[in-house]
Amino acid sequence: MSAALNESQREALIRKLTALADDEIILAHRDGEWTGHAPILEEDIALANIAQDELGHALLYLGLRSELDGSDPDRVAMFRKAAEYTNTRLVELPKGDWATTMVRQFLYDAYEALWLEAAAQSTYAPLAEVAQKALREEKFHLQHTALWVERLALGTEESQRRTQKALEELWPYTAQLFQTVEGEAELVEAGILPDIAAVRVRWEALMVRHLQDKCALRMSREAFPGPSRENHTEHLAPLLATMQKVAREVPNAEVW
């Protein structure tokens with residue numbers, strides 16, 4: 001049975017669904033930048049598929065939002081400016097080298113898989129259904145990127161150096177994944193959203209087991225909350241200019 005939402009819960013859930021979708025859209029775009037440029041053909045295809053899955057998750061979240069406020073998912077994705085996006089800074093950073101992309105994807109996949117696992121128990125049935133559907137794909141993503149991080153960390157001296165450098169550069173941005181949106185506490189209280197603090201405890205334990213114990217990487221335990229999700233780096237606006245170019249030039253393309 002789905003929990004009935006009051007007005008403040010509805011507004012808070014719209015904010016949360018938008019933030020979740022924004023993370024997926026921006027990360028998918030960064031991953032998509034590797035298409036045709038990945039180190040091996042098989043991985044070129046695999047990362048493109050992961051990017052496509054992340055976009056699919058974004059569409060699921062925006063579909064739920066549409067049910068709540070009647071918004072058009074395409075317009076939400078393609079016609080908002082950088083200041084209106086609420087993604088984390090972690091996902092908007094440039095793709096960097098292969099180690100940077102794999103480490104970022106692993107950090108994010110672990111967070112998303114654990115969040116989805118908890119969200120699958122939501123009292124809001126539409127969210128529980130979406131979480132169960134996305135979780136199957138996200139577990140594959142996590143398995144894939146965990147193996148890549150291990151392969152790079154335990155590979156050559158050069159791959160280890162690059163993987164360690166990527167982890168040190170990206171880790172400070174991870175805390176923002178666990179920021180709450182306005183009104184989220186009320187949704188957690190109602191069992192609609194998982195407790196993000198509990199998700200973080202499980203995520204940090206997983207990070208230690210994989211990155212430190214298995215991959216022999218040095219971990220910093222310091223990750224700063226950072227600014228709110230409405231504040232972005234200088235990298236987001238150019239990304240959106242590229243991503244939204246065709247949609248903005250031909251806003252009625254769906255009638256072709």
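Tutor: Let's start with histidine 141: setting aside its neighbours within four places in sequence, histidine 141 is in contact with Ile50, Asp53, Glu54, His57 and Asp109. Contact here means heavy atoms within 4.5 Å. Please keep in mind that this is a predicted model, in which local features need pLDDT of at least 70 and side-chain atom pairs count only at pLDDT 80 or more, while totals for chains, interfaces and linings use all residues. Residues are numbered from 1 along each chain as its sequence is written, and side-chain values use heavy atoms, with hydrogens and water left out.

Student: Why is histidine 141 called buried?

Tutor: Buried means under 20% relative accessible area, exposed means over 50%, and partly exposed is in between (1.4 Å probe, protein chains only). Histidine 141 has 0% relative accessibility, so it counts as buried. Histidine 141 lies in helix α6; helices are DSSP runs (H or I, at least four residues), strands are runs of E with at least two, and both are numbered from the N terminus.

Student: What makes threonine 145 count as buried or exposed?

Tutor: Its relative accessibility is 0%, so threonine 145 counts as buried. Threonine 145 is also found in helix α6. Not counting residues up to four places away in sequence, threonine 145 touches Met102, Gln105, Phe106 and Asp109. Asp109 is among the contacts of histidine 141 too.

Student: What span is expected for helix α9, and what does α9 reach?

Tutor: The expected span is 1.5 Å times one less than the number of residues. Helix α9 covers residues 196-214, which is 19 residues, and 27 Å is expected. From its first C-alpha to its last α9 reaches 25 Å, close to that value.

Student: Which residues of α9 are buried, and what covers them?

Tutor: The buried ones are Ile196, Val199, Trp203, Leu206, Met207, Val208, His210 and Leu211. Their cover includes α5 (98-119), α6 (125-153), α7 (157-170) and α8 (184-189).

Student: What caps the N-terminal end of α9?

Tutor: Aspartate 195 does: one of its side-chain oxygens lies 3.0 Å from the backbone nitrogen of alanine 197.

Student: How many salt bridges does the rule give?

Tutor: The count comes to 15. One of them joins glutamate 169 and lysine 165, with the closest N and O atoms 2.8 Å apart. Both lie in helix α7, four residues apart, about one turn of the helix. Arginine 10 and glutamate 7 also meet in a salt bridge, at 3.0 Å from N to O. That pair is three residues apart in helix α1 (residues 7-32), so about one helical turn separates them. Asp97, Glu158, Arg161 and Arg162 are linked in a network of salt bridges.

Student: What makes a space a cavity?

Tutor: On a 1 Å grid over the protein atoms alone, a cavity is a set of points where a 1.4 Å probe fits but cannot get out, and lining residues have an atom within 4 Å of a point. Grid points are joined across faces, edges and corners, and a volume is the space filled by probe spheres set on the points. The count comes to one cavity of 30 Å³ or more, and the largest cavity has a volume of about 40 Å³.

Student: Which residues line the largest cavity?

Tutor: Leu20, Glu24, Tyr61, Tyr108, Tyr111, Glu112 and Trp115 line it. The elements giving two or more residues to that lining are α1 and α5, and α5 gives the most, with four residues.

Notes. A polar contact is a pair of N or O atoms within 3.5 Å; within protein, one must be able to donate a hydrogen and the other to accept it, and residues adjacent in sequence count only if both atoms are side-chain atoms. A salt bridge is a side-chain nitrogen of Lys or Arg within 4 Å of a carboxyl oxygen of Asp or Glu. On a 1 Å grid over the protein atoms alone, a cavity is a set of points where a 1.4 Å probe fits but cannot get out, and a pocket is an open set with protein on both sides within 12 Å along at least five of seven lines; lining residues have an atom within 4 Å of a point.
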